[in-house]
Amino acid sequence: MGTVAAIGSRTGVSGLALAGVEVLVAEEPEDVRRAWRALPDRVALVILTAGAAEALGDAVTSPGPSRPLTVVMPG
């Protein structure tokens, strides 16, 4: 079974660690892109803050066979 990861600002994602989510704090757009590229293959779901989703662009949230399911938290 896959794991869940969250990418975004510290205030946006840190609370998710309490639910067992792998939290990747990324405050700047380049940090977000770096965290996205470094996601392990075991990640099946990625939760993005609105700012992280903006940094990654629309292509990341489009369905794809080689991408984890991705959701964006409301801004």
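Start by selecting strands β1 (residues 3-8) and β3 (residues 43-48): they pair in the parallel sense over five bridges. Strands here are DSSP runs of E, at least two residues long, and helices are runs of H or I, at least four residues long, both numbered from the N terminus. Two strands pair if DSSP finds at least two bridges between them.

A word on the ground rules: this is a predicted model, where local features need pLDDT of at least 70 and side-chain atom pairs count only at pLDDT 80 or more, while totals for chains, interfaces and linings use all residues. Residues are numbered from 1 along each chain as its sequence is written, and side-chain values use heavy atoms, with hydrogens and water left out.

**Along β1**

Now click alanine 6, which stands opposite isoleucine 47 in β3. What does alanine 5 stand opposite in β2? That would be glutamate 22.

Put together, you have an open sheet of four strands in the order β2-β1-β3-β4, with parallel pairing. At the edges stand β2 (22-25) and β4 (69-72); each has a single partner strand, so one side of each is left without a neighbour in the sheet. Look along the sheet for its twist, which averages 20 degrees from one strand to the next. As background, strands of a sheet pair through backbone hydrogen bonds, either parallel or antiparallel.

**The helix on the sheet**

Next, select helix α2 (residues 29-37), which packs on the sheet and touches β1, β2, β3 and β4. Contact means heavy atoms within 4.5 Å. The direction of α2 makes about 165 degrees with that of β1. For such angles, axes are lines fitted to C-alpha atoms (for helices over the stretch in contact), and the values run from 0 to 180 degrees between N-to-C directions.

Which residues are buried in α2? Pick Val32, Ala35 and Trp36. Seen down the axis of α2, the buried residues fall within an arc of 100 degrees, so they line one face of the helix. That arc is the one made by the directions from the helix axis to the C-beta atoms. Buried means under 20% relative accessible area, exposed over 50%, and partly exposed in between (1.4 Å probe, protein chains only).

Jump to threonine 49, in the loop between β3 and α3 (50-56). Is threonine 49 buried or exposed? With 10% relative accessibility, threonine 49 counts as buried. Neighbours within four places in sequence aside, threonine 49 is in contact with Ile7, Gly8, Ser9, Gly12, Val13, Val72 and Met73.

Then try arginine 10, found in helix α1 (residues 10-13). Arginine 10 counts as exposed, at 51% relative accessibility. Leaving out neighbours within four places in sequence, its contacts are Val25 and Glu27. Draw a distance between the C-alpha atoms of arginine 10 and valine 25: they are separated by 5.4 Å, although 15 residues apart along the chain.

Finally, select proline 65 in the loop between α4 (58-61) and β4. Proline 65 is exposed, with a relative accessible area of 92%. Another distance to draw is from proline 65 to valine 23, 42 residues apart along the chain, where the C-alpha atoms are separated by 23 Å.

**Zoom out**

Colour the chain from the N terminus on and you can read the elements as β-α-β-α-β-α-α-β. The radius of gyration (taken over C-alpha atoms) is 11 Å, close to the 11 Å that the globule rule gives for 75 residues, so the protein chain is as compact as a globular protein of that length. That rule is 2.2 Å times the number of residues to the power 0.38. The C-alpha trace spans about 30 × 25 × 20 Å along its principal axes. Buried residues make up 29% of the 75 residues in the protein chain.
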